[in-house]
Amino acid sequence: MDLEENQSQMFLSIYKYFEEEKKVIENIKSITTQLNQKTTEIIVFIQDVHCNATNQRIKDICELIQNRILEIPAYIKTLSTIVPHKEYYRFHHYWKNIFQRIVFACAFCEYFQCGKLISNQKVAEIMQIWNQEDSNGFHLDLDDYLIGVLEMAISSIRK
């Protein structure tokens, strides 16, 4: 009977682990879906530059983007509380494309308003998350930063 009880306990603990993980993933998906919607709205504004590329229109678009970006840190903060500590990269694939688009939007505004490349530190501050120094916690991954900046460069060529 001991062996049977041990096996039952083992399977019960495995089942509980998977159920808890399923809840975490569902919560992550819920937040990232909302965050994705916000970043998609921002990207739509940027795409308008390709149709109406006057200096004033670009300035107006950057203003709209910056106002929308102010909404993003609240979602990221919620997301960071859901993701278990030191498991950032385990779930990173759920939000990496979203973070890349946020970097793209920030880089776009910085370039067209100031004429310079935005730093990963400044983007992390805008997003209100840690930078690479605390890689065990929620942070802006260097790859996500670089891909977002490259996307901005590609998009600005189309202007």
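Modeller: Buried means under 20% relative accessible area, exposed over 50%, and partly exposed in between, with a 1.4 Å probe and protein chains only. This is a predicted model, where local features need pLDDT of at least 70, side-chain atom pairs count only at pLDDT 80 or more, and totals for chains, interfaces and linings use all residues. Residues are numbered from 1 along each chain as its sequence is written, and side-chain values use heavy atoms, with hydrogens and water left out.

Colleague: Is Ile 118 buried or exposed, and what is its relative accessible area?

Modeller: Ile 118 sits in the loop between helix 5 and helix 6 (helices are DSSP runs of H or I, at least four residues, numbered from the N terminus). Beyond its neighbours within four places in sequence, its contacts (heavy atoms within 4.5 Å) include Cys 106, Glu 110 and Tyr 145. Ile 118 is buried, and its relative accessible area is 2%.

Colleague: How many Å apart in space are Ile 118 and Ala 107, C-alpha to C-alpha?

Modeller: Ala 107 is also among the contacts of Ile 118. The two are eleven residues apart in sequence, and their C-alpha to C-alpha separation is 5.4 Å.

Colleague: Why are the buried residues of helix 6 on the same side?

Modeller: Helix 6 covers residues 120–127, and its buried residues are Val 123, Ala 124 and Met 127. They lie on the same side of helix 6 because the arc they cover around the axis, taken from the directions from the helix axis to the C-beta atoms, is only 100°.

Note on methods
Helices (H or I, at least four residues) and strands (E, at least two) are DSSP runs, numbered from the N terminus.
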